[in-house]
Amino acid sequence: MGRFWLIGVLIVVGCGCFLSSVRVEGYPDEDLVVSLPGQPKVGFKQYAGYVDIDVKHGRSLFYYFVEADNDHDKKPLTLWLNGGPGCSSIGGGAFTELGPFYPKGDGRGLRRNSKSWNRASNILFVESPAGVGWSYSNTTSDYNTGDTSTANDMLLFMLKWYEKFPSYRSRELFLTGESYAGHYIPQLAIALLDHNAHSTGFKFNIKGVAIGNPLLKFDRDAQATYEYFWSHGMISDELGLAIMNDCDFDDYVASSPHNVSKSCNDAISEANEIVGNYIDNYDVILDVCYPSIVEQELRLKKMATKISLGVDVCMSYERSFYFNLPEVQKALHANRTNLPYSWSMCSAVLNYREADANINILPVLKRIIQHHIPVWVFSGDQDSVVPLLGSRTLIRELAHDLKFKITVPYGAWFHKGQVGGWVTEYGNLLTFATVRGAAHMVPYAQPSRALHLFSSFVRGRRLPNTTRPSIDE
């Protein structure tokens, strides 16, 4: 999930470290999650707890780790980060999208996610940076942060996490995320690669990067939002033309809305008003959940689930209620410092450097690919926050910069005999894929198609271009 600042509107959207004191066998018993309240029985293990990043400052990151459902000792490790900046990967990825459980409609239990990504990989979720979710610092100034310090802290986290789980040091590592993780994940990949370049000992075994509906280049992604509104009939021809004629998106930056003309600002404000608050910008075809109603139902121990196109659109409220139950926090070994605020999906204490949203990530992706690491960018096609219209263009521009030829022409890919989306590949290392009917949070709205895409990614396979069933189905 992510938060992006548009004009007048807030839309919630190298280290020379070496491993020490490594345990030769086993995982940390103190982090084992025996069972979560209301959890169905499963055959895999879960771990949760803290990794201390800076003992002097008292800065620690909270993680949740689930083993693969079967053959966990033979499957890779995948890191997942949500975006924001400042939103929780545990609340988002782990318990709303691709983890093994979803919250029940009463907010007091869990139900199984049959399309969890731990069918294909061991999955690690981290609340990053400090100040997000249950991650914290005892030094208030640590909450003034940005992309560089976030990447450096995650590098430290990974090194120290391997001390807790030494058997994963040599595993294949895949780096994944969505939204503002379009910044987090590529910059972390570079931090890990820089570590590898300077380390005479341990090196990360990075095998791939995959980011969904990612913020890559703010001016292009912001423009794509209004192109999407127009192309989906959400604003008129006249207003769409006014925005394209009056707004110079080359000068459009996240933190300085005053640098555009009044006519542009007026047109964008009108567009946002017309789209309104009764549409989920993250998935324009889903109905919305009404907070006042669902929160009252949860307090009264009623079922709050509201289903739209097979999706529980009230899941985020059910999840927040569940995570703030004391027995849940105890089971997860969370909130060990008794934070003076409730758990929330996106941080209210973080002061993230807004200007970092303007960083162009394409050169970062180029560096990753030049290390022969495959990069996949995937887009849910119902997202207006970071629409495929921008991402597709940016990936084509990156391929051109790399002088990559098309290795898979743009065409449909299939899942269970139906079109799963459309895909193209450049130079055998750069893939762009859409997921049909998916949201900004792709696994949330299309869990089965998302699992197929992820399974193909970690197994080094192309998405199928025929209707014949594959083993991923």
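I looked up Glu425 and found it buried, at a relative accessible area of 9%. Here buried means under 20% relative accessible area, exposed over 50%, and partly exposed in between (1.4 Å probe, protein chains only). The model is predicted, so I note its limits: local features need pLDDT of at least 70, side-chain atom pairs count only at pLDDT 80 or more, and totals for chains, interfaces and linings use all residues. Residues are numbered from 1 along each chain as its sequence is written, and side-chain values use heavy atoms, with hydrogens and water left out.

Which residue forms a salt bridge with Glu425? I found Arg462, with the closest N and O atoms 2.7 Å apart. For a salt bridge I take a side-chain nitrogen of Lys or Arg within 4 Å of a carboxyl oxygen of Asp or Glu. Glu425 sits in strand β19 and Arg462 in the segment after α13, so the pair ties together parts 37 residues apart in sequence. Helices (H or I, at least four residues) and strands (E, at least two) are DSSP runs, numbered from the N terminus. Arg462 is partly exposed, at a relative accessible area of 48%.

**Second largest pocket**

I next turned to the second largest pocket, with a volume of about 340 Å³. Glu425 and Arg462 turn up again: of the 23 lining residues, the closest to the pocket centre are Trp376, Glu425, Thr431, Arg461 and Arg462. β18 gives the most, with 4 residues. By class I noted 11 nonpolar, 7 polar and 5 charged residues in the lining.

My terms follow. On a 1 Å grid over the protein atoms alone, a pocket is an open set of points with protein on both sides within 12 Å along at least five of seven lines, and lining residues have an atom within 4 Å of a point; a cavity is a set where a 1.4 Å probe fits but cannot get out. Grid points are joined across faces, edges and corners, and a volume is the space filled by probe spheres set on the points. Ala, Val, Leu, Ile, Met, Phe, Trp, Tyr, Cys and Pro count as nonpolar, Asp, Glu, Lys and Arg as charged, and the others, Gly among them, as polar.

**Other salt bridges**

I noted 14 salt bridges in the structure. In one of them, the side chains of Arg59 and Asp153 meet at 2.8 Å, N to O. Arg59 is in strand β5 (residues 59-66) and Asp153 in helix α2 (residues 147-164), 94 residues apart. Arg59 counts as buried at 11% relative accessibility. Asp153 is buried too, with a relative accessible area of 11%.

I also checked Asp312 and Arg111, a salt bridge whose closest N and O atoms are 4.0 Å apart. Asp312 lies in strand β15 and Arg111 in strand β8 (residues 110-112), 201 residues apart. Asp312 counts as buried at 3% relative accessibility. Arg111 counts as partly exposed at 32%.

**Disulfides**

How many disulfides does the structure hold? I found 3. A disulfide is a pair of cysteine sulfur atoms within 2.5 Å.

Cys87 is joined to Cys346, S to S 1.9 Å. Cys87 lies in the loop between β6 (77-81) and α1 (90-97), and Cys346 in the loop between α9 (326-331) and β16 (351-352), so the pair ties together parts 259 residues apart in sequence. The torsion about the S-S bond of Cys87 and Cys346 is about 100°, so this disulfide is right-handed. Both Cys87 and Cys346 are buried.

Cys247 and Cys264 form another, with sulfur atoms 2.0 Å apart. Cys247 is in the loop between α5 (237-246) and α6 (262-275), Cys264 in helix α6, 17 residues apart. Their S-S torsion is about 105°, so the disulfide is right-handed. I found Cys247 and Cys264 buried.

Cys289 is joined to Cys314, S to S 2.1 Å. Cys289 is in the loop between α6 and α7 (291-299), Cys314 in the loop between β15 (311-312) and α8, 25 residues apart. With 105° about the S-S bond, this link is right-handed. Cys289 is buried at a relative accessible area of 12%, and Cys314 is buried at 2%.

**Helix α8**

Last, I listed the buried residues of α8 (residues 315-323): Met315, Glu318, Arg319, Tyr322 and Phe323. Seen down the axis of α8, they fall within an arc of 125°, so they line one face of the helix. The arc is that of the directions from the helix axis to the C-beta atoms.
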